[in-house]
Amino acid sequence: MSSGKGHILFGLICIFGSIFLISNYFFKPTIQDIVFYIVVGLLFALWPDVDTKSIGQKVFYTMFLIMDVYLIWKQEFRTAAYFGLIIILPVLAKHRGWTHSRLAMIIVPLPILLYPIWQTGTPDFSNLPLYAIAVTGYFSHLLIDGKIF
Ligand SMILES: [Zn+2]
């Protein structure tokens, strides 16, 4: 069990560890890449608590609201309706339910990895480091909550 601040702090430690590994063994990310990795990693460190009143829920539902207003403004009503349907799912689930599973840790960040493949139609795994950081952030949350072992 931990507060949002605990998840942010431990998430940062894990994210910096991953960035250290990536930059020493795989490639040198730019400062811009590193900042982006930290933001994405922290979002995934907060994501699992979207199912309860938390910092993560405030952050994500604010982002969801902005996205939904944008979709409505663009008159993408069908997309807005499906988006609204999907974003309500976490709050209907019990706290520490599916958002706190190891399977969700792998699947929820998967669009990050698959988006370039879908966009280009080629096996483009250029987002693999970002996906690794997202899973790291998610992992840090589940580890503190005692949901990994
Ligand atoms: Zn949690």
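Modeller: Donors are N, O and S atoms within 2.8 Å of the metal (3.2 Å for Na, K and Ca); water is not among the atoms, so sites may look incomplete. This is a predicted model, in which local features need pLDDT of at least 70 and side-chain atom pairs count only at pLDDT 80 or more, while totals for chains, interfaces and linings use all residues. Residues are numbered from 1 along each chain as its sequence is written, and side-chain values use heavy atoms, with hydrogens and water left out.

Colleague: Which residues coordinate the zinc ion?

Modeller: Asp49 (OD), His100 (NE2), His141 (NE2) and Asp145 (OD) coordinate the zinc ion, at 1.9 to 2.2 Å. Along the chain, these donors follow the spacing D-x50-H-x40-H-x3-D.

Colleague: Where do aspartate 49 and histidine 141 lie?

Modeller: Helices are DSSP runs (H or I, at least four residues), numbered from the N terminus. Aspartate 49 lies in the loop between helix 2 (31-46) and helix 3 (55-73), and histidine 141 in helix 7 (residues 128-144), so the pair ties together parts that are 92 residues apart in sequence.

Colleague: Is aspartate 49 buried or exposed?

Modeller: Buried means under 20% relative accessible area, exposed over 50%, and partly exposed in between (1.4 Å probe, protein chains only). Aspartate 49 is buried, at 8%, and histidine 141 is buried, at 1%.

Colleague: Which residues is proline 48 in contact with?

Modeller: Contact means heavy atoms within 4.5 Å. Leaving aside neighbours within four places in sequence, proline 48 is in contact with Thr99, His100, Tyr138, His141 and Leu142. Proline 48 is found in the loop between helix 2 and helix 3 and is buried, with a relative accessible area of 0%.

Methods: Helix = DSSP H or I, 4+ residues; strand = E, 2+ residues; numbered from the N terminus.
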